[in-house]
Amino acid sequence: MAKPLIVINVVGFTHAMLGENTPHLMRLANLGFSRPMGTVLPAVTCTAQSTLLTGLLPREHGIVSNGWYFRELSEVMFWKQSNRLVRGEPVYEAAKLRDPAYTTAKMFWWYNMYAPVDWSVTPRPSYPADGRKVFDSYSQPEGLKDELQSELGVFPLLRFWGPGADISSSRWIVDASIKVFHEKKPDLTLVYLPHLDYNLQRLGVSHPAIDQDIRDIDREAGRLIEVAENAGAEVVVLSEYAITDVEKPVHINRILREAGWLKVRKEVLGWESLDCGASAAFAVSDHQIAHVYIQNSAHISEVKSTLETVDGVEMVLDRRQQAEFGIDHDRSGELVVVAAPGAWFTYYFWLDDGVAPDYARTVDIHRKPGYDPVELFVDPKIRLPKLRIAQRLAQKKLGFRYYMDLTSLDANLVKGSHGRLPTPGKEELEAPVFISSSRSIERDEIPMTAVKEMLLELQFGK
């Protein structure tokens, strides 16, 4: 029989953050142990979570980034939610083979939809035909979201991502997870707490305001730790990556366009769209990693040579070199580009902001052909942003189509990013963390691929 376990994913937390700002996490570490944890390339949400749960590298589980180019469709897709995209046996399936009565609650970890778990909740807005966006969640079983939202209110999606993102979303997830833990009594509870992701990207690691963010998330994690301890459950706190300071955005698609490889489509309404299928080469940017897709293999060497000379690029990996990092998968680009320290990649492909696509100035994580951290900011050029927001919300309430055009096109606003592997010797600062309530699984080094077996050992013993 498995011992109950709560795994808390505190995004962006590092071993170096343990201290006076984290009394709850510090107490847990002193009770058990803590270590900097190894990560995978790219060190981004979907890839890291898939490795944590399956123990596999991206070449095996197939999640090569938060989004990639679907070659058969000639489309880039980000933040898809179906668990069927992930290959390999996750920890909860391995546990169920040991104990058929084993149950799992998966609270806001990615690829929740259709995961073989007993209870799960994830954000899932509805999009009526009139253009509105109605906040909602997806759950298994279907009625679980209604149980939670009747008591806690609708999940605060505007506080989960975008310029309004703050501690409210993590607090709601903690409240929901505690309720599920008490009422459903799962053997494994996976909880995702995103709060540190926001200001670490907005302000950078060195900003003094980050101390308060660390205190806030420690308080929320502490509530879960207390619930676990009262129930006699074990606790593991971990993170997916560390965020580091950046000051240089690299517009990799503009470089490919100016070289003649990337093609755009002139839309009838006046803006440009990335034409993936017509492009000889284009990049799918995700923080400090970019997958470059190249139609004709004869061009790979030339594109590689061009990108290797770009200021802000550290490595350009062809398929052979990708194998050294475990990212040589069919979904990967013919080249994988890694940013230099202090740099990150934008998805921008237009050369004139006057023809930027309509979604560029909005929070639109599914339409953009790359990750856009500038969505965390309200455009500082808007003189009265609160008035603009009020006008748009009034249009929404009246049933009109509305355009929440609040996002800047100035990538220099972003001060923190992730995706690179940690600099050797700086793991405490640049690597994710692993904290366990029990010393029974303690070891000197913890690669991310070892976490699955460590969790099983914590619950079932050796």
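Contact means heavy atoms within 4.5 Å. This is a predicted model, in which local features need pLDDT of at least 70, side-chain atom pairs count only at pLDDT 80 or more, and totals for chains, interfaces and linings use all residues. Residues are numbered from 1 along each chain as its sequence is written, and side-chain values use heavy atoms, with hydrogens and water left out. Helices (H or I, at least four residues) and strands (E, at least two) are DSSP runs, numbered from the N terminus.

**The sheet**

- Eight strands make an open sheet with mixed pairing, in the order E2-E20-E9-E1-E8-E5-E6-E7. Two strands pair if DSSP finds at least two bridges between them.
- Strand E2 (33-36) and strand E7 (137-140) are the edges; each has a single partner strand, so one side of each lacks a neighbour in the sheet.
- Strand E1 (residues 5-10) runs parallel to E8, joined by six bridges. Leu 5 has Leu 188 as its bridge partner in E8.
- E8 also pairs with strand E5 (residues 104-107), in the parallel sense, over four bridges. Here Thr 104 has Leu 188 as its bridge partner.
- E1 and strand E9 (residues 234-238) run parallel and share five bridges. Ile 8 is bridged to Val 237 in E9.

**Strand E8**

- Strand E8 (residues 188-193) is mostly covered, with six of its six residues buried. Buried means under 20% relative accessible area, exposed over 50%, partly exposed in between (1.4 Å probe, protein chains only).
- In a regular strand the side chains alternate between the two faces of the sheet.
- One side of E8 holds Leu 188, Leu 190 and Tyr 192; the other holds Thr 189, Val 191 and Leu 193; all are buried.

**Helices H1 and H8**

- Helix H1 (residues 23-31) packs with helix H8 (residues 210-230) at an angle of about 45°, and their axes are 7 Å apart. Axes are lines fitted to C-alpha atoms, for helices over the stretch in contact, and angles run from 0 to 180 degrees between N-to-C directions.
- H1 and H8 are therefore oblique to each other. Angles under 35 degrees count as roughly parallel, over 145 as roughly antiparallel, 65 to 115 as roughly perpendicular and the rest as oblique.
- Among the H1 residues that meet H8 are Pro 23, Leu 28 and Leu 31; the H8 side includes Ala 221, Ile 225 and Glu 229.

**Nonpolar cores**

- The largest nonpolar core has 141 residues, and Val 292 and Phe 434 have the most contacts inside it. Such a core is a set of buried Ala, Val, Leu, Ile, Met, Phe, Trp, Tyr and Cys residues joined through side-chain atoms within 4.5 Å.
- A second, separate core of five residues includes Leu 41, Ile 289, Leu 317 and Val 336.
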